[in-house]
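Let's take a walk through this model together, with the sequence and the coordinates side by side.

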Amino acid sequence: QLHVVESGGGLVQPGGSLRLSCAASGFTLDHYTIGWFRQAPGKEREGVSCIRTDDGSTYYPDSVKGRFTISRDNAKNTVYLQMNSLKPEDTADYYCAADRRSTVQAMCGNPYFGYDSWGQGTQVTVSS
């Protein structure tokens with residue numbers, strides 16, 4: 001059974017950095033699209049970074065471009081989200097999802113789709 005588990009969230013000051021991890025179990029990440037999504041209280045969920053593990057293609061919305069970097073370590077079966085220059089508006093619950101068929105643009109643009117696997121989320125708070 002496919003499972004992804006997020007970790008690495010926490011409290012960070014504005015301007016700081018965090019690295020989130022999305023670890024897969026029950027399947028290998030080869031030939032999957034992995035997406036990071038976030039949802040703040042009272043706001044819509046949005047895709048913030050997506051990567052295709054077989055060709056390395058990535059997608060970022062303008063809201064995080066230049067600050068967030070998604071990467072994968074196939075040997076560790078894990079995808080990372082490096083978040084730099086964090087802002088209070090980055091505060092949200094962050095989720096990862098895995099899907100065999102989606103492209104990076106499609107996945108990041110459809111944050112409510114029933115992908116192959118969704119994690120339970122990790123909370124990120126950016127505050128002084």
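Asp-116 has a relative accessibility of 30%, so it counts as partly exposed. That value lies between the limits of under 20% for buried and over 50% for exposed. Keep in mind as you look that this is a predicted model. The side chain of Asp-116 meets that of Arg-101 in a salt bridge, with 3.0 Å from N to O. This pair links distant parts of the chain: Arg-101 sits in the loop between β9 and α1 (104-109), Asp-116 in the loop between α1 and β10 (117-118), and 15 residues separate them. Arg-101 reaches 65% relative accessibility and therefore counts as exposed.

Side chains of opposite charge can pair when their charged atoms come close. How many salt bridges does the model hold? The count comes to seven, taking a side-chain nitrogen of Lys or Arg within 4 Å of a carboxyl oxygen of Asp or Glu as the criterion.

Now turn to Asp-90 and its salt bridge with Arg-38, where the closest N and O atoms are 2.8 Å apart. Here too the pair links distant parts of the chain, since Asp-90 belongs to the loop between β8 and β9 (92-99) and Arg-38 to strand β4 (residues 33-39), 52 residues apart. Are these two partners buried or exposed? Asp-90 counts as buried because its relative accessibility is 1%, and Arg-38 counts as buried because its value is 6%. Asp-90 and Arg-38 also belong to a network with Glu-46 and Arg-67, joined by salt bridges that share partners.

Another salt bridge to find is the one between Lys-65 and Asp-62, whose closest N and O atoms are 3.4 Å apart. Both Lys-65 and Asp-62 are exposed.

Next, the strands. An open sheet is built from four of them in the order β1-β3-β8-β7, with antiparallel pairing.

Methods
Residues are numbered from 1 along each chain as its sequence is written. This is a predicted model: local features need pLDDT of at least 70, side-chain atom pairs count only at pLDDT 80 or more; totals for chains, interfaces and linings use all residues. Side-chain values use heavy atoms; hydrogens and water are left out. Two strands pair if DSSP finds at least two bridges between them. Helices (H or I, at least four residues) and strands (E, at least two) are DSSP runs, numbered from the N terminus. Buried means under 20% relative accessible area, exposed over 50%, partly exposed in between (1.4 Å probe, protein chains only).
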